[in-house]
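The structure is shown below.

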Amino acid sequence: MSPYKSYQTIENLAQAVGQHVTLRGWVYDRTGKGKLQFIKLRDGSGICQCVVFKPNVAEEVFANAEQLTQESSVAISGTVRAEERAPGGFEIDVTDVKIYSIAKDYPITPKEHGTEFLMEHRHLWLRSSRQHAIMRVRSSVIKAIRDFFDGNGFRLMDSPLLTPNACEGTSTLFETEYFDLGKAYLSQSGQLYAEASAMSLGRVYTFGPTFRAERSKTRRHLTEFWMVEPEMAFFDLNDDMDLAEDMVEYIVQYVLKTCQKELATLGRDVSKLEAVRRPFYRMSYTEAVEWLNKNNVKLNKKQADGTEIQIDFPWGEDFGAPQEEAIMQQFDKPCIIHRYPSEVKAFYMKRDPENTKCALAMDMLAPEGAGEIIGGSQREDDHDLLLERIIHENLPQEAFQWYLDLRKYGSVPHSGFGLGVERTVKWITGAEHIREVIPFPRMIYRIVP
RNA sequence: UCCGACUUAGCUCAGCUGGUUAGAGCAUCUGACUGUUAAUCAGAGGGUCCACAGUUCAAGUCUGUGAGUCGGAGCCA
């Protein structure tokens, strides 16, 4: 018989009290005490203590238990018992221990390790309870995102990962040869294609990995990360912001509902997440600048001679991490900052008709120092204005011909945004570093394992 | 790309103003133990002190260069 459906998982042990079961998994930890062996077994769904008492089992079974090392793989049979002394509340009274494989010298011990060591053993580090919990939250975040859009009339429309040109001209791209057609680039955003898709299906989202060859080295950057990008026909900036708030609230509340155990393992203060309810805070860029200057948050500016001076924050400058952090310190839930100076924003963003110095752009900043998780905008829908900006930014006009077509044939107001999955998971889990929230992080100085 | 820090046992680290044979805890191995939770107790093994060059009677320790890693800035999700 295939074991596919007959496995007893540790997650479901509560329903199996009194029954004789077989668990399959890996030894998380073992301690011996003479005639007693305590084996903590993990099976992917949880961890369960299994107790082997010498007088109760065959000699060979006890010998098997004694030679188990950390991460050895086993099938353990026994009776499920509710037991206060066991972590998790249940334990197995073992009758049989079958060994699949004995692990020798497993490198990651229950003691502390440094970052470099753990990163080099990422393929094994994923088995640790903290990483296990983070990955389960990640999975829930992704499910929440898909459920949210699928349940609100959106269609999934994948954008290509191999692209012929930059979407946003400024950032650096990973380059590769593409047969006889010259260079191709790994996509750093699916947005332009999502716009085309929205003109067909109305409300769409693209969901996939994106690549940025930025040489940034911070705890919130990856060179390969996952992004969900909804794009909606007939949405203006306000509709866009409403949707973003709705989605983030849904994600956080879904994780709270489905990942209680994981959040507890991570030691996350869930009251901070429970507070994430609409409406969030909103501030225009201009209001934010006024706030910074009223609260004496200065900008460090390098002068020509190399010395640094502190100046009032000038309108027109883009916010850096210090400004965003200062603004967010007053908030216990996310805040959207909107209507940035168009000079610092991408060419495809629509100008604010009430103040053409501003773009109809918005960023959502998460609280607790988590920083920017969303960037979005209402898109420029006027053909001539868009073309003007492409020329002004020295972008290759031919490459954007198809994109300009969208404004030539039935252009409509439309908006969208991009949510960084890893930044969201980092915020929700409270992880120190973004490298912990993706199974195999890709960073400027690391591509292995 | 810019600024700063670090590199000593399998892991995490200590090692003072340079001075005989380089230390601890954990992990590993051997033994004891019927309730462990980072078990405890007794014992054992384990080192190219990142690399190269230099100063010195003498370098883990001082100087220079290089490599690797980490943190931060900018850029962004």
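## Cysteines

In this predicted model, the cysteine sulfur closest to that of C335 belongs to C358, and the separation of 16 Å is too far for a bond. A disulfide is a covalent bond between the sulfur atoms of two cysteines. C335 counts as buried, because its relative accessibility is 0%.

How many disulfides does a search of the whole structure find? The search returns zero. C48 is likewise in no disulfide, although the sulfur of C50, the nearest cysteine sulfur, is 4.7 Å away; the cut-off for a disulfide is 2.5 Å. With a relative accessible area of 1%, C48 is buried.

## The second largest pocket

The second largest pocket has a volume of about 650 Å³. Its lining consists of 26 residues, and those nearest the centre of the pocket are I10, S45, G46, I47 and K261. By class, the lining of this pocket divides into nine nonpolar, 10 polar and seven charged residues.

Which elements each supply at least two residues of this lining? They are the strands β2 (36–42) and β3 (47–53) and the helices α4 (129–150) and α7 (260–265). Helix α4 gives the most, with four residues.

Rolling a probe the size of a water molecule over the atoms shows where empty space is left. In this model the count comes to two cavities of 30 Å³ or more. The second largest cavity holds about 30 Å³ of space. Its lining is made up of R212, E214, S216, H221, L222, T223, M443 and I444. Three of these lining residues are nonpolar, three are polar and two are charged.

E214, one of the residues lining the second largest cavity, lies in the loop that runs between β10 (203–211) and β11 (224–233).

## Helix α13

Why is helix α13 (residues 421–429) described as largely enclosed by the rest of the structure? The reason is that nine of its nine residues are buried. The buried residues of α13 are V421, E422, R423, T424, V425, K426, W427, I428 and T429. Just after α13 comes G430, which takes a positive phi of about 75°.

## Aromatic contacts

The count of aromatic pairs comes to 19. One aromatic cluster is formed by F148, F149, F154, Y205, Y250 and Y254.

Charged side chains also lie over tyrosine rings. The charged end of R407 sits over the ring of Y403, at 4.3 Å from the ring centre. K333 lies over the face of Y281, and the distance to that ring centre is 5.9 Å.

Conventions:
Residues are numbered from 1 along each chain as its sequence is written. Chains are lettered from A and ligands numbered from 1 in the order in which they are written. This is a predicted model: local features need pLDDT of at least 70, side-chain atom pairs count only at pLDDT 80 or more; totals for chains, interfaces and linings use all residues. Side-chain values use heavy atoms; hydrogens and water are left out. Rings of Phe, Tyr and Trp (its six-membered ring) pair if their centres lie within 6.5 Å; planes under 30 degrees apart count as stacked, over 60 as edge-to-face and the rest as tilted. A charge sits over a ring if NZ of Lys or CZ of Arg is within 6 Å of the ring centre and within 35 degrees of the ring normal. On a 1 Å grid over the protein atoms alone, a cavity is a set of points where a 1.4 Å probe fits but cannot get out, and a pocket is an open set with protein on both sides within 12 Å along at least five of seven lines; lining residues have an atom within 4 Å of a point. Grid points are joined across faces, edges and corners, and a volume is the space filled by probe spheres set on the points. Ala, Val, Leu, Ile, Met, Phe, Trp, Tyr, Cys and Pro count as nonpolar, Asp, Glu, Lys and Arg as charged, and the others, Gly among them, as polar. Buried means under 20% relative accessible area, exposed over 50%, partly exposed in between (1.4 Å probe, protein chains only).
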